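The following report describes one protein chain, shown below. Please read it alongside the sequence and the coordinates.

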Amino acid sequence: MQQTRRDFLKKSSLGLAGLALSSNDWLNSAAKPFYEISLAEWSLHKTIFSGKLSNLDFPQFAKKEFGLEIVEYVNQFFPDKAKDKAYLKELRTRSVESGIRNHLIMIDAEGELGEADTQKRKQAVENHYKWVEAAQFLGCQTIRVNSRGEGDPKEVAKRCVESLRTLSEFGQAHNINIIVENHGGYSANGAWLAGIMKEVGMKNCGTLPDFGNFCLEWSGAEWHSQCKTQYDPYKGTAEMMPYAKGVSAKTFNFDAKGNEPTIDYIKMMNVIKKSGFRGIVGIEYEGETLTEIEGIKKTIALLKKATSAI
């Protein structure tokens with residue numbers, strides 16, 4: 001998930017027309033792929049922030065609009081509800097009633113795990129505990145965290161290892177995975193992030209490779225303004241895959257043939273398949289030219305097409 005916060009667009013009223021097969025038909029067909037598809041809630045962030053869709057209604061919406069049965073939440077859409085058992089119970093009930101499996105919660109704005117100040121770093125780790133407990137209550141397997149910090153990359157890595165180990169120990173006691181996305185800062189370097197995973201050395205600590213988050217340096221002040229220096233996304237994904245407990249299939253735009261012009265999906269899905277991954281691939285559309293519903297549908301179609309080609 002990118003941190004960029006763009007202007008909100010109107011929700012599209014398009015239905016499922018245009019997809020040859022529903023997602024369920026495809027997943028249950030004889031040509032069943034090596035992974036399952038989930039919907040990352042951030043794909044609908046404009047719709048949710050505008051008030052046209054609530055976090056509570058997200059599970060049913062994912063099933064009704066796209067035929068998907070696994071979802072990935074974002075804590076920014078219910079930031080004050082981590083300890084609200086009544087709210088979480090309602091969300092869990094709606095998920096069950098919609099036939100939805102809750103997969104993970106993406107966590108932001110709880111402090112930096114690579115923070116130089118020892119007390120602030122300790123507080124950042126502890127701030128994540130409530131989300132581990134919320135994830136367990138909702139029936140999720142995982143929370144996604146970030147590995148950011150200022151200073152020398154080796155020192156930031158050392159701090160992140162310490163934080164992730166502590167957080168993963170807490171997660172282990174709750175049967176929750178702690179995974180890190182390439183999501184800003186040094187984490188765009190696949191080798192750097194893989195090195196952290198190796199040092200942490202815990203089974204419930206892993207990665208979430210995001211196809212579109214490999215920018216090492218931005219040309220503008222705002223993150224994701226325009227990438228000036230990019231880490232090889234296929235190399236970075238391959239480096240992260242040995243530790244992957246999920247994958248984020250990012251899209252921004254589509255050409256006339258339905259391909260993502262900045263990401264070779266066939267090449268990327270080959271990397272995923274060759275790694276031996278057999279988990280969940282999350283759809284995350286973050287474009288501007290299409291409505292969110294259209295973008296999600298096109299991402300699902302592209303993922304199917306690329307998988308069929310390998």
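## Conventions

Two strands are said to pair if DSSP finds at least two bridges between them. Strands (E, at least two residues) and helices (H or I, at least four) are DSSP runs, numbered from the N terminus.

The model is predicted, and local features therefore need pLDDT of at least 70, side-chain atom pairs count only at pLDDT 80 or more, and totals for chains, interfaces and linings use all residues. Residues are numbered from 1 along each chain as its sequence is written, and side-chain values use heavy atoms, with hydrogens and water left out.

## Overall composition

The chain contains 11 helices and 10 strands. Of its 310 residues, 55% are buried, where buried means under 20% relative accessible area, exposed over 50%, and partly exposed in between (1.4 Å probe, protein chains only).

Contact is defined as heavy atoms within 4.5 Å. Among contacts between residues at least 6 apart in sequence, 78% join residues at least 24 apart.

Strands of a sheet pair through backbone hydrogen bonds, either parallel or antiparallel. Here, eight strands form an open sheet with parallel pairing in the order β6-β5-β4-β3-β2-β1-β10-β9. Its edge strands are β6 and β9 (247-251), each of which pairs on one side only. On average, neighbouring strands of the sheet are turned by 30° against each other, direction ignored; such angles run from 0 to 180 degrees between N-to-C directions of axes, which are lines fitted to C-alpha atoms, for helices over the stretch in contact.

Within this order, β1 (residues 36-40) and β10 (residues 280-285) pair in the parallel sense over four bridges, and isoleucine 37 stands opposite valine 281 in β10. Strands β5 (residues 177-181) and β6 (residues 205-208) also run parallel, joined by four bridges; valine 180 has threonine 207 of β6 as its bridge partner. Together with helix α8 (residues 190-200), β5 and β6 make a right-handed β-α-β unit. A crossover is right-handed if, with the strands pointing away from the viewer, the path from the first strand over the helix to the second runs clockwise.

## Arginine 101 in β3

Arginine 101 belongs to strand β3 (residues 101-106). Because its relative accessibility is 37%, arginine 101 counts as partly exposed. Leaving aside neighbours within four places in sequence, arginine 101 is in contact with Glu36, Glu69, Ile70, Val71 and Ile280. Valine 71 is 30 residues away from arginine 101 in sequence, yet their C-alpha atoms are 6.5 Å apart.

## Helix packing

The axes of α5 (residues 118-127) and α6 (residues 129-138) come within 4 Å and cross at roughly 10°. The two helices are therefore roughly parallel, a class for angles under 35 degrees, with over 145 counted as roughly antiparallel, 65 to 115 as roughly perpendicular and the rest as oblique. Val125, Glu126 and Asn127 of α5 make the contact with Tyr129, Lys130 and Trp131 of α6.

## Positive phi in loops

Alanine 109, in the loop between β3 and α5, has a positive phi near 60° although it is a residue other than glycine. With a relative accessible area of 78%, alanine 109 is exposed.

Asparagine 175, likewise not a glycine, has a positive phi of about 60°. It lies in the loop between α7 (153-173) and β5, and its 67% relative accessibility classes asparagine 175 as exposed.
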